[in-house]
Every structure is written in structure tokens, then in C-alpha cells.
Amino acid sequence: MLTRYTLKNIPQETGISLPLENVFDLPEKVLQFGTGVLLRGLPDYFIDKANRNGVFNGRIVVVKSTDTGDSSAFDKQDGLYTICVRGVENGHIVEENIINSSISRVISAKSEWGKVLQCASNPDMKLIISNTTEVGISFVKDDIRFSPPVSFPGKLLSFLYERYKAFNGSAESGMVIIPTELITENGKKLEAIVLELAHLNGLEESFMDWLENSNYFCNSLVDRIVPGNPGASQKAAIESRLQYTDDLLIVAEAYRLWAIESANETVKNVLSFSQLDDGVAIAPDITKFRELKLRLLNGTHTLSCALALLSGFVTVKDAMENAEISGFMKNLMLKDISPAIIDETVSEESAHQFAASVLDRFCNPHIDHKWISISMQYSSKMKMRNVPVLLKYYERFKSVPEHIALGFAAYLLLMKVDKTENGYSGTINSDAYTIQDDKAAWFSESWKKYSAGELVEKVLQEESLWGTDLTDLIGFPAAVSGYLNQLMTQGAKQTLKKMHTDKTVVQS
């Protein structure tokens, strides 16, 4: 098993990047809320890389905020884990195995909240990172005297108040706070919630001044496909090559981006690890990065997901080997999404370049990114990622974006589910699948009440789903109904084949 004391037993010929011995003596500089693979595969990757080069020189205290999962693996492995980077970068194949030593320890918020608050007295602690899912950044009436507070913003406020008291409100004791949850202006929204909670808890005015003027909440955007633990066969093959076992091993693509919005020199100094990797972009405005990633990467995933699943594909890389669905995804990006998002911030050239990189990333043979995982909270993803693009397209062109219409129709068909012991499930060619979506019950009942054509009208006009009435988009309901009928009578593969034949794949 991988531990600090078994590092010396790893043969040099494995080619793995081992930690430097002095890294275990570095001070704790970062408090991280979340143990997930995205944080371990991106922010923690950058910090580890900087430590290896003598730049950041700090380690991470991880706070496990949820009751799910087990942190014992971190304790057993001294916080060490292997990140296997696989992919293509600037036309070159990338294959790296790195033992990440950025994490010093993992603390349970539920059972060890006192230890979390003790970190507030550490003068070296300068940075707070979070990834608590999109739901984590929401307002909950919370009491910071709870141990721990219920919500993530409540926990954060409790920590900051403890720090304020520990350092008598000195300006130098303020923190840089960077949420990575995938919501627009995540830093500003988190700050607003924390301020509201501070008022609700009746905290003194001097603390409010310190909170607003000495701390820096930064919007940020993360972009790296880190599908999580590899499958058993892939993991066994990697461990055989590396000659040790690792219960925390993860695989990540080569592409990486952490865009952080700030023009403040104090923030830049704290984030010194940005000097070591072009994947960290600190800029006064990160709108461009957000639009490209949210619309062309995430939006394409969302609009292609149901079509891929209905066609019988399990992973993204498998689907990309099919000419019809890969052609659909390329046309979706270049014919429907890119024309809608091009403006003074996003140029046509940058949109097309990013789209090309997305296709390369989707083809990565080393990443087993499962479509069923992408379908989680399908409805909210469709609203956030794709409805704004649909509205922009209509505003600009006043016509039906055909690929968006087909993707939407496939989404409706995938949401034809029934209540089962395991949740809400449907079948594709006699194979069962389970949908994890807050709107699954609503769709299940709607499919029972309405015909397919009626369902389209009902869903599109449901403002609680989309924030607007999509039946106002001339031609869109008819297009979605037509594609839904084709999917139900001819199947996804035949529908895609017909579209692929009718509509030439554009060349980027």
C-alpha cells in the first residue's frame, strides 16, 4: 500500500514522480472543503506541482463535510494518492504518474469540528478552497454556534469568525476564498450568503468590516475531466506497473484549467502556485473561460448524453468512435452553440479552437467518462447550460437550432421513467438505467398523463423548469415533437444516421 514509509520501496524504473522528503515538513496553508476527485485532480495537482518546485511551499488540510464516504484511506496512506494523467496535449501524447503529497490530513466536520476551528489560529493559513456541489452554495438559516453549522456557508463563516478573534481582526489575517462549484459568479454568491448569515447571527460590526475588507472571495471556473476511480481492470493494470496499491488512485485528462477572477496583488501573491502552470489563469474577468467551458464542453455533454445512452453507448470515448454521434457533437458545437455565444467576449476563432480541443478530449482513450454519470441532475443542467444558448440562438437567428432540438427530444425520452426500489428507472433495449434527477417524479407522472406530443408542449411551457415558456420559440415545439417521434419509432441510431446524412458535418 502507498504510504509515506513505503515510498522508498517504489522502483525508479516505474517512472513515477515521487514526493520530495521535505514536503512532509511544509506548513499547512490551505483549508479545503471537499475530498472529491475534481479537487484532488486540479487545485491539489497545481499545489503539489508548485511544492515540488519550491514555490508555494504549503500543504492542504481537507475538511470532509458530508456524511457519505470514508476518509480512512487518507489516514492509512498519509494523505498520499496517485494521479495518472492521460491524454493529448499540443499534439503530444501525455502519460504521467504522480504521487501527490499536497494533503497533510483530512478532518471530519461532523466529528472533529474543533480541529477545523483550530486551523483558524494558524498564521500560515491563507487560502480556502471548496467544492461542495452546486447545492452547497445556497442560503440556509444557520447558527455558527452549532458544532458544526449545518451548511457550507455556515461552516465557512464559523471558521472566519474564529480567525477574526484569533488575530484581533488584523487586516493581514484575512483569507483568499475560492469556491470551485460550477455556478456563475460562485465567489460573489458565496460572499453574499456569508454576509447575510453574519447579520443573521448578530455578529459585531467590526467583524463585518474585517469580513468585507480583509477577505477576498474570488469567482472561479474549473475545467478538467477527472472521472474518478478507474475501473477494476484499469486500476489493476496501473498498480501492476507501479508495483504498489493505492485506494485513492485517480485518472485525469491532460487538459487542465483553473480560471480565477481577480486583479488584486494580494490574491496573486497568495496563489503563487499559478507561476508553475499555464493551466492556472488569474484574470480580472473570466467570462470568456466560463462561456466556452459551460456551453461548449458541459453543454455538449448535456445535449449529447441522452442520444448516446439511447444509442447504447456507455462511455464518451465509445460514442466518439461512432461517425453519426461524433458528427452530431461537432455540428452541435459549430452550427448551434458557437454562433449563439460569439460576442465581444468570445470570438469565433476562440470558440472554434475550444470546440476542436473538446473533441480531442472526448476521444481520450484513457478516460472512461460514463454517460449515465453525466445524466445526473439532467434537468437542472439542461436549464443552466443549454436554455440560455437556445434563447440566444433564437434572438440572433429566429430559427430552430436542429441539433439542440434533437438533443432536447432525446432528453425527454430518457426521462420516461418509472418509480422502482432503486429510484426512477427506464429501459433501453431491455437494459435498465436509473436517473438521478430532482424532476424525475414529475416526468414520470407526466409521461403517464400525456401523449408524446402533449408532453412536449407541457414540458416546454413549464416555466418552473426553464424560467421561461419555451413554446414561445417559433418552430421549436414542432421540431422537438418531430424528433421525439423519430426516436420512439425509429430509434436513436437511425435518427442520428438520418440527421448525419441530411446535414453535412462542418469543418472547423
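Modeller: Two strands are said to pair if DSSP finds at least two bridges between them, and helices (H or I, at least four residues) and strands (E, at least two) are themselves DSSP runs, numbered from the N terminus. This is a predicted model, in which local features need pLDDT of at least 70 and side-chain atom pairs count only at pLDDT 80 or more, while totals for chains, interfaces and linings use all residues. Residues are numbered from 1 along each chain as its sequence is written, and side-chain values use heavy atoms, with hydrogens and water left out.

Biologist: In what sense do β3 and β4 pair, and over how many bridges?

Modeller: Strand β3 (residues 81–89) pairs with β4 in the antiparallel sense over 9 bridges, and V88 stands opposite I93 in β4. Both belong to an open sheet of 3 strands with the order β4-β3-β10 and mixed pairing, whose edge strands, β4 (92–100) and β10 (250–253), each pair on one side only.

Biologist: Which helix lies across β3 and β4?

Modeller: Angles run from 0 to 180 degrees between the N-to-C directions of axes, which are lines fitted to C-alpha atoms, for helices over the stretch in contact, and contact means heavy atoms within 4.5 Å. Helix α2 (residues 43–52) lies across these two strands, running at about 80° to β4.

Biologist: How should I read the packing of α15 and α16?

Modeller: Two packed helices are described by the angle between their axes and the distance between the axes. Here helix α15 (residues 378–397) and helix α16 (residues 402–414) pack at an angle of about 165°, with their axes 12 Å apart. The two helices are therefore roughly antiparallel to each other, a term for angles over 145 degrees. The contact is made by Y378, S379, M382, V389 and L390 of α15, together with I404, F408, Y411 and L414 of α16.

Biologist: What describes a pair of aromatic rings, and how many such pairs does a search of the whole structure find?

Modeller: A pair of aromatic rings is described by the distance of the centres and the angle of the planes. Rings of Phe, Tyr and Trp (its six-membered ring) pair if their centres lie within 6.5 Å, and planes under 30 degrees apart count as stacked. The search finds 18 aromatic pairs; for W258 and F273 the ring centres are 5.8 Å apart and the planes at 10°, so this pair is stacked. W258 lies in strand β11 (residues 257–261) and F273 in the loop between α9 (265–270) and β12 (280–283), 15 residues apart.

Conventions: Angles under 35 degrees count as roughly parallel, over 145 as roughly antiparallel, 65 to 115 as roughly perpendicular and the rest as oblique. Rings of Phe, Tyr and Trp (its six-membered ring) pair if their centres lie within 6.5 Å; planes under 30 degrees apart count as stacked, over 60 as edge-to-face and the rest as tilted.
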